[in-house]
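Biologist: Please show me the sequence and the model, and then let us go through selected details by question and answer.

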Amino acid sequence: MTESSRGDEPPALALQDIDKRFGATRALTSASLRVRPGTVHALLGENGAGKSTLMRVAYGMERPDAGMIRVRGAAVRLNTPADAIALGIGMVHQHFTLVPVMTVAENVALGDHGALDLQRTSAELRELSDRTGFALDPQVRVEHLSVAAQQRVEIAKALMRRARILVLDEPTAVLPPSESATLLRWLRSFADQGNAVVLITHKLGEALSVADDVTVLRRGRTVLATPAANATTASLTDAMLGSADAGEQSTRAPAGSRAEGGPAMPPVFRAERVTVVDAAGVMRVREASFVIGAGEIVGIAGVEGSGQRELLRALAGRLPIASGILERPKAVGFVPEDRHRDAVLLDRPLVENIALRGAAVRHGIIDWGAIRTHTESLMRSFDVRAAGPRAPMRTVSGGNQQKLVLARELDADGATGPRAIVVENPTRGLDVRAAAQVHARLRSIRDTGAAVALYSSDIDEVLELASRMLVVYAGSVREAAVDRDVVGRLMLGAEPRGRR
Amino acid sequence: MRAASRELALAAVVVAAIGGATAALLVAIGFPVGPGLAALWTGSFGSWYAFTSATLVRAVPLMLTGSAVALAFRGGVLNIGGEGQLLVGAAAAAGVALTMPAAAGLAIPVGIAAALSAAAIGGALWAAVAAHLRVRYGVLEVISTIMLNFVALHVVSYLVRGPLQEPTRVYPQSATIADALHLPRILGAGRLHSGFVLALVLALVAGWMLRHTAAGFRLVATGESPAAAASAGGIDVRSTTTRVFLVSGALAGLAGGVEVLGVTFALYENISPGYGYTAIAVALLARLDPWLVVVTGVLFGALEAGAGAMQRDAGVPATMVAVIEAALILAVVAAQSIRSRRQAADGDSYTLPVDA
């Protein structure tokens with residue numbers, strides 16, 4: 001506590017020694033967080049460090065296995081979000097929970113009890129806008145609002161329920177920079193009125209510029225809790241990545257057996273000052289230049305919202321580039337992260353799932369006999385366990401579905417020219433054994449000369465497989481060594497050690 | 001062959017269920033069961049004449065609209081507008097047939113072909129309205145197609161009192177179309193006309209397209225998962241969806257044209273007793289397979305024909321058969337969803353990611 005005058009006041013929110021397990025995974029181990037009233041508190045940590053889980057505990061969405069929760073000094077039990085809301089805790093999730101076709105006022109009224117009085121809700125919203133300087137038109141339909149304005153609706157929902165402790169999960173990941181600054185300024189003034197803000201983020205600069213206090217989680221434990229004034233980018237990075245670990249990790253040899261330090265084989269992808277703009281018109285990748293060669297796995301790393309999603313889709317030919325030069329093979333395989341939605345026909349047989357590739361250009365009569373034979377051979381060579389090629393995709397396990405998708409996507413149509421595949425979170429939802437099989441497949445794909453671009457939100461997965469790394473931070477892409485510490489720092493926008 | 005015997009068993013269950021449900025309903029509303037069921041049977045399958053002139057004649061529009069619905073549903077288009085497309089097709093066929101120069105007697109096949117083409121184009125254009133609303137503005141076709149049914153009904157109502165009204169201007173119907181343009185009857189099959197052959201061939205072709213052609217596969221993939229069709233298959237989902245609307249509308253429109261040229265020979269307000277709606281039941285019972293639509297189309301044709309006979313001979317209200325049809329659909333839909341849920345429960349080891 002830097003200011004002794006506030007030392008006696010009970011914390012607005014205190015989480016003490018929280019434990020939480022999901023099956024065999026320990027998400028939180030004795031994690032703690034003390035949020036003082038009148039402050040903005042940054043909660044930092046890598047993907048999977050337990051930030052979101054801890055805040056879900058604070059919002060009554062998860063019940064802790066052990067530990068104590070205090071709100072303004074009083075010990076409380078939070079069984080549901082309604083309990084948390086009643087205590088003045090509000091949460092703004094990363095993925096909004098709004099009904100697009102409803103107006104702002106309707107969305108805000110949605111969680112209320114009793115009679116629906118939209119006029120009163122609108123009046124209260126206007127009053128809130130005046131009081132907080134929060135521009136929101138109650139009559140506009142949410143689908144017509146920008147992302148930033150939708151986020152304001154989420155905040156307004158919490159404020160209308162008299163939230164005095166506001167938790168925001170990566171609020172700036174979806175915002176363009178100017179909107180981020182506006183939001184952070186607003187959060188600052190909200191806290192200055194005696195409220196409290198918990199800002200979950202992995203952007204260090206943001207944490208240091210706006211927060212009063214910082215708590216860092218690593219692998220489910222609180223490893224640092226300090227006033228922001230005492231913290232530096234370096235100390236926070238060390239806490240997030242674990243400086244001891246980093247030393248160990250960086251001595252490990254790069255996993256790739258082939259290229260070390262540079263592209264060895266002929267380039268398959270070549271990007272020169274490539275810029276990608278997303279559907280909403282926001283620039284996501286800025287002037288990226290790199291090559292990906294045959295026979296190598298190039299890992300792509302970035303915290304959510306950094307532009308890696310768009311970069312992958314541009315490489316896969318699913319998103320046009322706005323400017324620059326991108327040389328890529330005509331047929332690039334793509335394994336999207338949402339397999340069930342974007343990659344397979346769950347209720348159709350495996351054969352038809354194989355036939356899906358190239359469905360747009362095929363014409364006339366389909367030779368199902370040939371596709372069936374082909375499916376059988378792909379199933380054999382990728383070890384896909386299924387009742388047979390006619391079995392519906394739904395009846396096959398997730399790991400086998402993913403192997404079939406990999407087999408299909410690698411299967412370049414003409415069989416001539418370089419083979420290339422873009423892979424996004426390939427083991428999401430798979431158990432350990434299935435994940436290991438998918439990894440083995442990716443390695444053997446590489447060994448047969450294919451170019452592989454691999455992204456996973458689990459950075460360790462990427463580091464294990466990749467022989468080179470590209471790190472995306474705020475739209476810029478740069479090459480990095482296959483080293484946990486270096487990559488981790490670049491992902492956070494910090495410079496690697498020794499270059500500072 | 002186990003699949004085939006399972007199909008046969010299912011068919012037997014369906015027929016038994018119809019008989020049982022009808023008997024139960026007859027008891028419930030206080031009609032003698034024996035004469036009622038007897039009339040249902042004699043009016044539908046009881047004689048060659050009943051089978052061809054009543055059952056199959058009614059099966060023709062049901063097979064066409066049933067195929068239209070099956071194709072649409074498979075392609076992810078919930079076309080509830082078969083009725084409206086049928087009415088527009090009927091009006092278009094009548095319009096062309098009535099304005100055809102009388103001297104065209106030389107080229108009867110050309111005249112018939114022109115009228116039927118007009119019917120198909122009319123139905124497709126009617127569906128195109130809903131297609132445009134869906135693809136361009138995201139309007140749900142369940143809403144737009146059902147609304148267009150009412151519009152079509154009123155368009156026909158206007159036509160038979162206005163531009164297409166018969167010359168004496170007394171009755172709300174069109175003049176009778178020239179004999180030369182009637183669809184030829186099938187020899188030895190009573191009132192059954194050659195539209196039956198057309199419906200049969202089109203249903204078989206539609207089923208074959210779905211199974212064996214690239215275009216059919218694009219339709220199935222788009223209907224199954226538009227996101228996967230676009231992402232993994234590179235399929236242009238919008239254009240595929242539009243085509244599904246057009247083909248489905250054309251088939252339903254053709255049903256209207258065939259009715260006019262083969263059965264009514266004029267345009268009336270209530271030319272269809274709701275074939276476009278019954279088609280949904282026909283298609284669902286056929287599990288959206290146009291080949292099976294041939295069978296279920298005949299089954300529902302028999303129900304319609306038998307209902308008429310029951311009313312005539314046993315005094316049982318024909319609406320009772322509508323109740324049975326509805327119960328049948330509910331049973332089939334329930335059975336299908338139970339089956340697919342059981343399939344989903346088997347061996348699906350997909351686990352939710354733990355997001356920390």
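**Strands, helices and contacts**

Biologist: Which residue in β19(A) is the bridge partner of A:Leu470?

Modeller: This is a predicted model, in which local features need pLDDT of at least 70 and side-chain atom pairs count only at pLDDT 80 or more, while totals for chains, interfaces and linings use all residues. Residues are numbered from 1 along each chain as its sequence is written, and chains are lettered from A and ligands numbered from 1 in the order in which they are written. Strand β18 (residues 468–473) and strand β19 (residues 476–480) of chain A pair in the antiparallel sense over five bridges; strands are DSSP runs of E of at least two residues, helices are runs of H or I of at least four, both numbered from the N terminus, and pairing requires at least two DSSP bridges. Within β19(A), the partner of A:Leu470 is A:Glu479.

Biologist: Which residue in the turn between β18(A) and β19(A) has a positive phi?

Modeller: These two strands form a hairpin with two residues between them. A positive phi of about 45° is found in the turn at A:Ala474.

Biologist: How many residues of β18(A) are buried?

Modeller: A residue is buried with 20 or more other C-beta atoms (placed from the backbone) within 10 Å of its own, exposed with 12 or fewer, and partly exposed in between. On one side of β18(A), A:Arg468, A:Leu470 and A:Val472 are buried, as are A:Met469, A:Val471 and A:Tyr473 on the other. The strand is thus mostly covered, and its buried residues number six of six.

Biologist: Is A:Val147 buried or partly exposed?

Modeller: A:Val147 lies in helix α5 (residues 147–160) of chain A. Its contacts, meaning C-beta atoms within 7 Å, are A:Val174, A:Leu175 and A:Ala280, not counting residues up to four places away in sequence. Because A:Val147 has 14 other C-beta atoms within 10 Å, this residue is partly exposed.

Biologist: Why is α11(B) largely enclosed by the rest of the structure?

Modeller: Helix α11 of chain B comprises residues 275–285. The buried residues include B:Tyr275, B:Ile280 and B:Leu285.

Biologist: What is the handedness of the crossing of α4(B) and α10(B)?

Modeller: The axes of helix α4 (residues 82–99) and helix α10 (residues 237–264) of chain B come within 6 Å and cross at roughly 50°; axes are lines fitted to C-alpha atoms over the stretch in contact, with angles from 0 to 180 degrees between N-to-C directions. The pair is therefore oblique, since under 35 degrees counts as roughly parallel, over 145 as roughly antiparallel, 65 to 115 as roughly perpendicular and the rest as oblique. A crossing is left-handed if the near helix is turned anticlockwise from the far one by less than a right angle, and right-handed if clockwise. The crossing of α4(B) and α10(B) is right-handed.

Terms used
Two residues are in contact if their C-beta atoms, placed from the backbone, lie within 7 Å.
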